[in-house]
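Q: I have a new model open and would like to go through it. Can you start with the terms and then take my questions?

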Amino acid sequence: MSLNEAFKALSDPTRRQILTLLKEDELTAGEIASHFDMQKPSVSHHLKILKHASLIDDERRGQHIYYSLNTTVFHELMSWYFTFTTKEGK
């Protein structure tokens, strides 16, 4: 995961909304798409970007792929962020 990819993925409001949905529970692409007024291929594009940035994981179960948050990456992002909020030696 690179920070650039993560920040690029987070820059889009649709992708941030997808992450908010996944915060509650794992979902299939169809379940995610039902929350948006867009075609399923567009939702799949957003999922691909989130997955490439390692912000989400996917797991195939039968005919469905379930998406979930990869909280490890969020911990890394927050760790990076907090380097700017604390001063060394204090």
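A: Two strands pair if DSSP finds at least two bridges between them. Helices (H or I, at least four residues) and strands (E, at least two) are DSSP runs, numbered from the N terminus. This is a predicted model, where local features need pLDDT of at least 70, side-chain atom pairs count only at pLDDT 80 or more, and totals for chains, interfaces and linings use all residues. Residues are numbered from 1 along each chain as its sequence is written, and side-chain values use heavy atoms, with hydrogens and water left out.

Q: How many bridges join β2 to β3?
A: There are 6, and β2 and β3 run antiparallel. In their hairpin 2 residues lie between the strands, and G62 takes a positive phi near 65°.

Q: What order do the strands take in the sheet?
A: The order is β1-β3-β2, in an open sheet of 3 strands with antiparallel pairing. β1 (27-28) and β2 (56-61) stand at the edges with a single partner strand each, so one side of each has no neighbour in the sheet.

Q: Which residue of β3 stands opposite L27?
A: Y67 stands opposite L27. D58 also stands opposite Y67. β1 and β3 (residues 64-69) pair over 2 bridges.

Q: Changing topic, at what angle do the axes of α2 and α4 cross?
A: They cross at roughly 75° and come within 10 Å. That makes α2 roughly perpendicular to α4 (65 to 115 degrees). Axes here are lines fitted to C-alpha atoms, for helices over the stretch in contact, and angles run from 0 to 180 degrees between N-to-C directions.

Q: Which residues make that contact?
A: T14, R15, I18 and L19 of α2, with H46, L47, I49 and L50 of α4. Contact means heavy atoms within 4.5 Å.

Q: What does L47 touch?
A: Leaving aside neighbours within four places in sequence, L47 is in contact with I18, A29, I32, I56 and Y67.

Q: How many residues has the largest nonpolar core?
A: It has 20, and L47 and I18 are among those with the most contacts inside it. Such a core is a set of buried (under 20% relative accessible area) Ala, Val, Leu, Ile, Met, Phe, Trp, Tyr and Cys residues joined through side-chain atoms within 4.5 Å. Elements that give two or more residues to this core include α1 (3-10) and α5 (71-82).

Definitions and conventions:
Angles under 35 degrees count as roughly parallel, over 145 as roughly antiparallel, 65 to 115 as roughly perpendicular and the rest as oblique. Buried means under 20% relative accessible area, exposed over 50%, partly exposed in between (1.4 Å probe, protein chains only).
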